[in-house]
Amino acid sequence: CNQIISITSPLCFHNIYIPCYLSNHMNYWTPWKDDNPVIHDEIYHDIDSNGDIILCHVIDENDNKPNKQIPSIIRHLPNYANLFQCDRINLFTRSCGHSIKRSCYDSYMIEPGPCKEEVVDTCVDCNNQRNLPCHIRTNQIGYSCEIVVHADCSKCHITKVTKKCSDNNVIECNKQVSCTLLCGHKVSWRCGKDEDPRTTSELNCSLC
């Protein structure tokens, strides 16, 4: 029988609409067994077109997880997940503290993926603030700070060069630089082109 009927979802206990012939199979599924879902307080969400307040359930990422073995006769139907979609929207709260709006089925049965909420973070190397997705701030994997900073020349350590914070390559200033040796004489050379006199003349100054 393909007549559409309303039943109570065994997953979220809200009304869902399915073909009559699937009702018995749906009743065989016990997603929660001995662990019932955690019921959080409803919170204010929005106001609908009639001016009525919409309340949302809160589902926490760390709440009990259901048994996801849906009966095979249902699982093999095309777009079977639509059968479990109730008319409620809830707020799915992540471990990081951010929340996203999801359906009950999506919240209980589908992993939410990394949190893409944009947050302000401070780079530990240059102390500049940057905006980046929350999951990158949490894991710091695959992220390079692209902020341009001033740093000592990698070659002479006298002048400043500009580079991306995450760039660890040797960067030469290619400028005319000078310094005073331990003996008191001043020397000058072009960084990156001439030989650094501090490495060759420090102990044997040609001017002494």
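Author: Two strands are said to pair if DSSP finds at least two bridges between them. Helices (H or I, at least four residues) and strands (E, at least two) are DSSP runs, numbered from the N terminus. The model is predicted: local features need pLDDT of at least 70, side-chain atom pairs count only at pLDDT 80 or more, and totals for chains, interfaces and linings use all residues. Residues are numbered from 1 along each chain as its sequence is written, and side-chain values use heavy atoms, with hydrogens and water left out.

Reader: What makes β6 and β7 a pair?

Author: DSSP must find at least two bridges; β6 and β7 have five, in the antiparallel sense, so the two strands pair by the definition. Within this pairing, Phe-92 stands opposite Ile-100 in β7. In the hairpin of β6 and β7, five residues lie between the strands, and Gly-97 takes a positive phi near 105°.

Reader: Which sense describes the pairing of β5 and β6?

Author: Strand β5 (residues 58-60) pairs with β6 in the parallel sense, over three bridges. Ile-59 stands opposite Phe-92 in β6.

Reader: Why is strand β6 called mostly covered?

Author: Buried means under 20% relative accessible area, exposed over 50%, and partly exposed in between (1.4 Å probe, protein chains only). Four of the five residues of β6 (residues 89-93) are buried, and the strand is thus described as mostly covered.

Reader: How do you know that Arg-102 has no salt bridge?

Author: A salt bridge is a side-chain nitrogen of Lys or Arg within 4 Å of a carboxyl oxygen of Asp or Glu. Lys and Arg count as positive and Asp and Glu as negative, while His and the chain ends are not counted. For Arg-102, which is buried, the nearest side chain of opposite charge is Asp-106, 5.1 Å away. That value lies outside the 4 Å limit, so no salt bridge is assigned.

Reader: What does the side chain of Arg-102 reach?

Author: The side chain of Arg-102, a residue of strand β7 (residues 99-103), reaches the backbone oxygen of Ile-110 at 3.1 Å. Leaving aside neighbours within four places in sequence, Arg-102 is in contact (heavy atoms within 4.5 Å) with several residues, including Phe-92, Glu-111 and Pro-112.

Reader: Why is Asn-127 called exposed, and what is Asn-174 called?

Author: Asn-127 has 58% relative accessibility and therefore counts as exposed. Asn-174, with a relative accessible area of 45%, is partly exposed. Asn-127 lies in the loop between β8 and β9, and its phi is near 65°. Asn-174 lies in the loop between β11 and β12 and has a positive phi of about 60° although it is not a glycine.

Notes: A polar contact is a pair of N or O atoms within 3.5 Å; within protein, one must be able to donate a hydrogen and the other to accept it, and residues adjacent in sequence count only if both atoms are side-chain atoms.
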